[in-house]
Amino acid sequence: MKFGVVVFPGSNCDSDCFHVIKDVINEDVEYIWHDSDEKLTGFDCIILPGGFSYGDYLRAGAIARFSRVMPRIEEFAQNGGLVIGICNGFQILTESHLLPGALIRNKNLKFICSDQYVKVVNTNTPFTNLYKEGEVINLPIAHGEGNYVVDDETLKQMIQNQQIMLQYCDKYGNVNDETNPNGSILNIAGICNKEKNVFGLMPHPERSSEKILGCEDGKRVFLSIVNYLKSR
């Protein structure tokens, strides 16, 4: 298996993702520079990490969407390659229209940094197949623009296509306004595209992948990818 971690100016979780792939799950990985125009041959999964690409000017992910590497990532995804965008990476995927909807300012207009319970809604994907449906896991969040919005018709289609993958909840799995940290519609914390090969989530699984960090709930996101690729 070979993973690629894209590095944008302002990325700050790229080394975390690289470490998890290389040292925690022991798979091949290399960095991909944002200005690269080379075809993404030989890669099985591309990771767009968290951070503040281009300083989050205009809005989060809006400038990174025009990086030279993005047409290659779009081509990679259209050919069935796996793409996962974490936090700022999720924002870039929506700006690039690889995922529907948009991420706007948190409802309370404050940057949120905390542990957060999320419910795994769909396990029939390359990214969640090692979880149980309805399982509650603990993943850190750290964002100022994590409020997921989408129009009603697209949301209806997403529900029909089972594109909602993670929802914010409490430790008992309750999904409601009280367990919603940023105002996201339907408490959405992560979604995929219709084809299920592009996944975006605001929580940080790479920050919850080792015992030394106090929790390994996020590790199975990356192991699920490996499991899917092996079975394929």
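Mentor: Phe 18 is buried, at 17% relative accessibility, where buried means under 20% relative accessible area, exposed over 50% and partly exposed in between (1.4 Å probe, protein chains only). The model is predicted: local features need pLDDT of at least 70, side-chain atom pairs count only at pLDDT 80 or more, and totals for chains, interfaces and linings use all residues. Residues are numbered from 1 along each chain as its sequence is written, and side-chain values use heavy atoms, with hydrogens and water left out.

A search of the whole structure finds four aromatic pairs; rings of Phe, Tyr and Trp (its six-membered ring) pair if their centres lie within 6.5 Å, and planes under 30 degrees apart count as stacked, over 60 as edge-to-face and the rest as tilted. One of the pairs joins Phe 18 and Tyr 31, which is stacked because the ring centres are 4.4 Å apart and the planes stand at 20 degrees. Phe 18 belongs to helix 1 (residues 14–24) and Tyr 31 to strand 2 (residues 28–33), so the pair ties together parts 13 residues apart in sequence. Helices (H or I, at least four residues) and strands (E, at least two) are DSSP runs, numbered from the N terminus. Tyr 31 is partly exposed, with a relative accessible area of 39%.

Another pair, Phe 127 and Phe 199, has its centres 5.2 Å apart and its planes at 40 degrees, so it is tilted. Phe 127 lies in the loop between strand 6 (112–120) and strand 7 (136–143) and Phe 199 in strand 11 (residues 198–201), so parts 72 residues apart in sequence are tied together. Both Phe 127 and Phe 199 are buried.
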